[in-house]
Amino acid sequence: MFSLLQEAATHAVEHSEGEIVGHDAAHGTDAAAYGADAAGHAEAAGLPQLDLTTFGNQIFWLVVTLVVLYLVLSRVALPRIAAVLSDRQGAITGDLMAAEEFKQKARAAEAAYDKALADARTEAQSIVAQNRAEIQAELDAAIAKADAEIAARTAEAEGRLREIRASSDVSAREVAREVTAQLVASFGGNADAASVDAAVDARMKGAVQ
Amino acid sequence: MATEATGGGLEFHPMDQFVVKPLFGGTDVHWWTPTNVTLWLALTALASIALLVLGTRGRAVVPNRAQSVAEMAYGLVHKMIEDIAGKDGLQYFPYVLTLFMFICFGNMLGLVPTAFTVTSHIAVTGVLAMAVFIGVTVIGFVKNGSHFLELFWIKSAPLAVRPILAVIEVISYFVRPLSLSIRLAGNMIAGHAVIKVFAGFAAIAAVAPVAILAVVGMYAFEVLVAFVQAYVFTILTCVYLKDALHPSH
């Protein structure tokens, strides 16, 4: 795949393989520190990345690392995180459903309350109407009774009045007759009872009744 | 390093930080030798594991800080695959997340002073890119058979242009691992080398303040680059995965 890189690196490897024995000696003291550091590396290529001699080492350890990481993640970490996430999702869904249920319950309770209130109001109204009707009936009965009593008393009073008037009429006639007879007698006349009665009756016609 | 060894004067060895050395003395680097690459690869893996495994050990419904970050990384990559490659891309999620975590932590740990940046080596990024390239190609042929080749035969173009486009498409397809690996390694090499060069200028008293400010500025920029490059590598992996899963689109 990296034909360019490989070419450069192969060149570098050949170069370093040729020089590796006399490496330290061939270089000046100035480069000794760096040379020791980078011993066995492709100095010609410059980049440590292109040193093919380390590729096997890097690839081997990389594969080991990736396999270990993959196994740990796929066996331990991912199932655990997936379980936590689905638990959380479940908890959230459950809570939402419970909240919805409570809301429904609250709504039902409110409806029941409203219904009870309306029922109570209707009942109260019917009771009031019933009571009013009863009271009205009692009142009517009482009024009728009172009326009847009043009428009876009036009639009685009228009867008595008539009686009194009649009796007063008769007694006035008698008094008038006696007074007339005595007056005639005292004036020296001699009046018979029949003519006195006729005179009194004729005189009293207009006064009584 | 060598700049200090010679003492004073202007000596730049900005590439010394990339030299692969055995950890326990000696000069020979065999394939099995524990080197500074081994050390920083291990630290990269450990940092990823620390975040994603130790960070989530509370399994809290209300996460703490470490768990939030771990979930963010998980969500970022998960959403990326789902958005770009579709639902059927999610079966490759563990590997894509491994890639993202490895590159992100490799880049970030490389910014620790005196650290070795594993992602600055073409051998490392090349293997990562080739793994994506070969993996995606194999997935493409396994999932779609010969229909995978329709990726290069663009049906929406006029028939006369299609052969030319096919050549261009094939070339661009094979350039993918090269661009993936060189983009990442190149960014890392350049940023770290520039920081080293500015740091070298700090040896001269007259320009030291400017040099130190420049190092600080570059460092902040490199932190951004470290994340962006991990993101870019991952998102391109998702795009290639989409091509492998749905080549005719």
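The model is predicted: local features need pLDDT of at least 70, side-chain atom pairs count only at pLDDT 80 or more, and totals for chains, interfaces and linings use all residues. Residues are numbered from 1 along each chain as its sequence is written, while chains are lettered from A and ligands numbered from 1 in the order in which they are written.

**Chain B overall**
- Chain B has 7 helices and 0 strands. Helices (H or I, at least four residues) and strands (E, at least two) are DSSP runs, numbered from the N terminus.
- Of the 249 residues in chain B, 36% are buried. Buried means 20 or more other C-beta atoms within 10 Å of the residue's own, exposed means 12 or fewer, and partly exposed lies in between, with C-beta atoms placed from the backbone.
- Among contacts in chain B between residues at least 6 apart in sequence, 63% join residues at least 24 apart. A contact means C-beta atoms, placed from the backbone, within 7 Å.

**The side of chain B that touches chain A**
- 50 residues of chain B contact 42 residues of chain A.
- Elements giving two or more residues to this side of chain B are α1 (2-6), α2, α3, α4 (93-110), α5 (122-144) and α6 (162-201). α2(B) gives the most, with 10 residues.
- This side of chain B holds 33 nonpolar, 13 polar and 4 charged residues. Ala, Val, Leu, Ile, Met, Phe, Trp, Tyr, Cys and Pro count as nonpolar, Asp, Glu, Lys and Arg as charged, and the others, Gly among them, as polar.

**α4(A) against α4(B)**
- The two axes come within 9 Å and cross at roughly 120 degrees. Axes are lines fitted to C-alpha atoms, for helices over the stretch in contact, and angles run from 0 to 180 degrees between N-to-C directions.
- In α4(A), the residues A:L66, A:L69, A:Y70, A:L73, A:S74 and A:L78 meet B:P94, B:Y95, B:L97, B:T98 and B:F102 of α4(B). By class, this contact has 9 nonpolar, 2 polar and no charged residues.

- Buried residues of α3(B) include B:Q67, B:A70, B:Y74 and B:I81. Their cover includes α4 (55-186) of chain A, together with α2, α4 and α7 (208-245) of chain B.
- Just after α3(B), B:G86 takes a positive phi of about 85 degrees.
- B:R59 sits in the loop between α2 (36-54) and α3 (65-85) of chain B. B:R59 is exposed, with 12 other C-beta atoms within 10 Å.
- Not counting residues up to four places away in sequence, B:R59 touches A:R80 and A:V84.

Methods
Contact = placed C-beta atoms within 7 Å.
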